Amino acid sequence: FPVTIGLFELGQSLCTYLAPPISTVFILGLLWKRATPKAAELTLYLGTLIRLAIGFCQLINFPTKEAWPHFMLLCFYMMLGLMIFMVVVSLFTSAKDTFAVKENAPIDMIAEGLTSRGRFQVRILWSIVAIIMIILYCIFN
């Protein structure tokens, strides 16, 4: 296969090939209350399959290199198409598939199951992550 793409551009394009399905589900899930779990699931599955097929075709320059727009523009088109797809599927799936979210759920419900020892371990682990990030910043700065 005649691959004529640089290593940096290849890495960037691979990340953008996987972003549209996940970003679409995230954005519509947050901003539109009618989004259904079935629509999110189908968008993730079909979007990932289509995106990987398009990415592979663009990588091997099929049919020609000039036929493909820049990968960022292609990412935008794919996300727009997936948003339309998710809205249509959400409109045709039943409302009983949606989850009810309580408006004023206390934030402490997350840590309710943690003991004091568990909370201490979580703080220690986050402190280790922070120290590693500071070390990496100092090394690569």
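The following legends describe close-up views of a predicted model.

**Figure 1. Overview of the protein chain in the predicted model.** The protein chain contains 4 helices and 0 strands, and its elements run α-α-α-α from the N terminus on. Of the 141 residues in the protein chain, 21% are buried. The accessible surface of the protein chain is about 10,900 Å², and carbon and sulfur atoms account for 73% of that surface. Counting contacts between residues at least 6 apart in sequence, 76% join residues at least 24 apart.

**Figure 2. Packing of helix α1 against helix α2.** On the α1 side, the contact is made by Leu 10, Thr 16, Tyr 17, Leu 18, Pro 20, Pro 21, Ile 22, Thr 24 and Val 25. On the α2 side, the contributing residues are Ala 40, Thr 43, Leu 44, Gly 47, Thr 48, Arg 51, Leu 52, Gly 55, Gln 58 and Leu 59.

**Figure 3. Packing of helix α2 against helix α3.** Helix α2 covers residues 37–59, and helix α3 covers residues 71–92. The two axes come within 10 Å and cross at roughly 155°, so α2 and α3 are roughly antiparallel to each other. α2 passes α3 in a right-handed crossing. From α2, the contact involves Ala 39, Ala 40, Leu 42, Thr 43, Leu 46, Gly 47, Ile 50, Arg 51, Ile 54 and Gln 58. From α3, the contact involves Phe 71, Leu 74, Cys 75, Met 78, Leu 82, Phe 85, Met 86, Val 89 and Ser 90.

**Figure 4. Packing of helix α1 against helix α3.** Helix α1 spans residues 7–31. The axes of α1 and α3 are 9 Å apart, at an angle of about 20°. Angles under 35 degrees count as roughly parallel, and α1 and α3 are therefore roughly parallel to each other. The crossing of α1 and α3 is right-handed. Residues of α1 that meet α3 include Glu 9, Gln 12, Ser 13, Thr 16, Tyr 17, Pro 20 and Pro 21. Further along α1, Ser 23, Thr 24, Val 25, Ile 27 and Leu 28 also take part. Their partners in α3 are Phe 71, Met 72, Cys 75, Met 78, Met 79, Leu 82, Met 83, Met 86 and Val 87.

Figure 5. Tyr 17 is found in helix α1. Tyr 17 counts as buried because its relative accessibility is 7%, and the cut-off for buried is under 20%. Leaving aside neighbours within four places in sequence, Tyr 17 is in contact with Arg 51, Gly 55, Gln 58 and Phe 71. Among these partners, Arg 51, Gly 55 and Gln 58 belong to the α2 side of the contact between α1 and α2, while Phe 71 is one of the α3 residues that meet α1. The C-alpha atoms of Tyr 17 and Met 78 are separated by 9.1 Å, although the two residues are 61 residues apart along the chain.

Figure 6. Ser 90 lies in helix α3. With 0% relative accessibility, Ser 90 counts as buried. Apart from neighbours within four places in sequence, Ser 90 is in contact with Trp 32, Arg 34, Ala 35, Thr 36 and Ala 39. Ala 39 is also one of the α2 residues that make the contact with α3.

Figure 7. Asn 61 is not a glycine, yet its phi is positive, at about 60°. The relative accessibility of Asn 61 is 17%, so Asn 61 counts as buried. A cis peptide bond with omega of about 0° joins Phe 62 and Pro 63.

**Figure 8. Cysteines Cys 57 and Cys 75.** The structure holds 0 disulfides. Cys 57 has 23% relative accessibility and therefore counts as partly exposed. Cys 75, at 13% relative accessibility, counts as buried. Cys 75 is among the α3 residues in the contact between α2 and α3, and Cys 75 is also one of the α3 residues that meet α1.

Note on methods. Residues numbered from 1 in each chain as written. Predicted model: local features only at pLDDT ≥ 70, side-chain atom pairs only at ≥ 80, totals over all residues. Heavy atoms only, no water. Helix = DSSP H or I, 4+ residues; strand = E, 2+ residues; numbered from the N terminus. Buried < 20%, exposed > 50% of the residue type's maximum accessible area, 1.4 Å probe, protein only. Contact = heavy atoms within 4.5 Å. Areas by Shrake-Rupley, 256 points an atom, 1.4 Å probe, with all protein chains shown as cover. Disulfide = S-S within 2.5 Å. Axes fitted to C-alpha atoms, helices over the stretch in contact; angles between N-to-C directions. Parallel < 35°, antiparallel > 145°, perpendicular 65-115°, else oblique. Left-handed = near helix turned anticlockwise from the far one by under 90°.
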